[in-house]
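This report describes a few local features of one protein chain. Look at the sequence and the structure first, then read on.

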Amino acid sequence: NDLMAERETLEEIIKDLLIANSSQNIEIFLNAKNSLPTPLKGKVHRKFGEKKGNDTSPAQGLDILAPVGTPVHAVSPGQIVFSDWLRGFGLLVIIDHGNDYMSLYGNTEALYKTQGDMVEGGELIAEAGNSGGRQQSGIYFEIRHRGQAIDPEPWIKTQ
């Protein structure tokens with residue numbers, strides 16, 4: 001495990017990534033509202049903005065429940081800018097889609113891509129798990145624009 005990654009928070013990592021990758025421009029994501037595939041087949045357990053149990057702050061993404069080993073796919077083309085362990089998120093993949101849009105896939109069991117890899121929409125990037133200390137297996141999924149978490153559901157194609 002990268003010792004640097006363990007010291008940084010998700011916010012610090014995203015800030016650094018925004019600076020490093022500000023020149024990328026992939027138009028596909030901009031036109032993707034209501035058309036992105038779900039990252040995996042599963043059940044949404046917690047929605048954006050929802051608090052559950054003893055949560056002190058609202059969710060910044062979706063908790064999607066699925067059995068360990070369920071394939072996790074990139075929702076749109078982009079470049080892997082983070083693929084490592086991060087405290088609180090377990091094994092985490094972050095994809096930069098250009099135009100300051102990123103998607104995050106946390107609590108995975110296995111990572112199939114490394115930093116710098118280019119991926120297509122729908123490409124296998126990880127397996128669902130509970131690596132972040134979750135009680136139920138699945139993934140944690142976020143979409144961010146300019147570093148701010150936004151509700152992923154309007155972007156996902158309705159099944």
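Asn 107 lies in strand β6. The model is a predicted one. Phi of Asn 107 is near 65 degrees, which is positive although the residue is not glycine. Another asparagine, Asn 99, also has a positive phi, near 50 degrees. Asn 99 sits in the loop between β5 (90–98) and β6 (101–111).

Is Asn 107 buried or exposed? Asn 107 has a relative accessible area of 4% and, because buried means under 20%, Asn 107 counts as buried. Asn 99 has a relative accessible area of 22% and is partly exposed. The table sets out the values for the two residues.

| Residue | Phi | Relative accessible area |
|---|---|---|
| Asn 99 | near 50 degrees | 22% |
| Asn 107 | near 65 degrees | 4% |

**Around His 145**

Which residues does His 145 contact, apart from its neighbours within four places in sequence? They are Asn 99, Asp 100, Tyr 101 and Ile 150. His 145 belongs to strand β9 (residues 138–145). Tyr 101 is 44 residues away from His 145 along the chain, yet their C-alpha atoms are separated by 4.6 Å.

**Strand β2 and its partners**

Strand β2 is joined to β9 by four bridges, and the two run antiparallel. In this pairing, Ile 64 has Ile 139 of β9 as its bridge partner. Strand β1 (residues 43–46) is also antiparallel to β2, with three bridges between them. Here Arg 46 stands opposite Asp 63 of β2. Both faces of β2 are covered. Leu 62 and Ile 64 are buried on one side, and Asp 63 and Leu 65 are buried on the other.

**The nonpolar cores**

In soluble globular proteins, nonpolar side chains tend to be buried together. In this model, the largest nonpolar core has 24 residues. Those with the most contacts inside this core are Leu 36, Val 72, Ile 95, Tyr 105, Ile 125, Ile 139 and Phe 141. The elements that each give two or more residues to this core are β2 (62–65), β5, β6, β8 (124–128) and β9.

Leu 36 has contacts with residues from several parts of the sequence. Leaving out residues up to four places away in sequence, Leu 36 touches Phe 29, Val 75, Ser 76, Ile 143, Trp 155, Ile 156 and Lys 157.

Conventions:
Residues are numbered from 1 along each chain as its sequence is written. This is a predicted model: local features need pLDDT of at least 70, side-chain atom pairs count only at pLDDT 80 or more; totals for chains, interfaces and linings use all residues. Side-chain values use heavy atoms; hydrogens and water are left out. Buried means under 20% relative accessible area, exposed over 50%, partly exposed in between (1.4 Å probe, protein chains only). Contact means heavy atoms within 4.5 Å. A nonpolar core is a set of buried Ala, Val, Leu, Ile, Met, Phe, Trp, Tyr and Cys residues joined through side-chain atoms within 4.5 Å. Two strands pair if DSSP finds at least two bridges between them.
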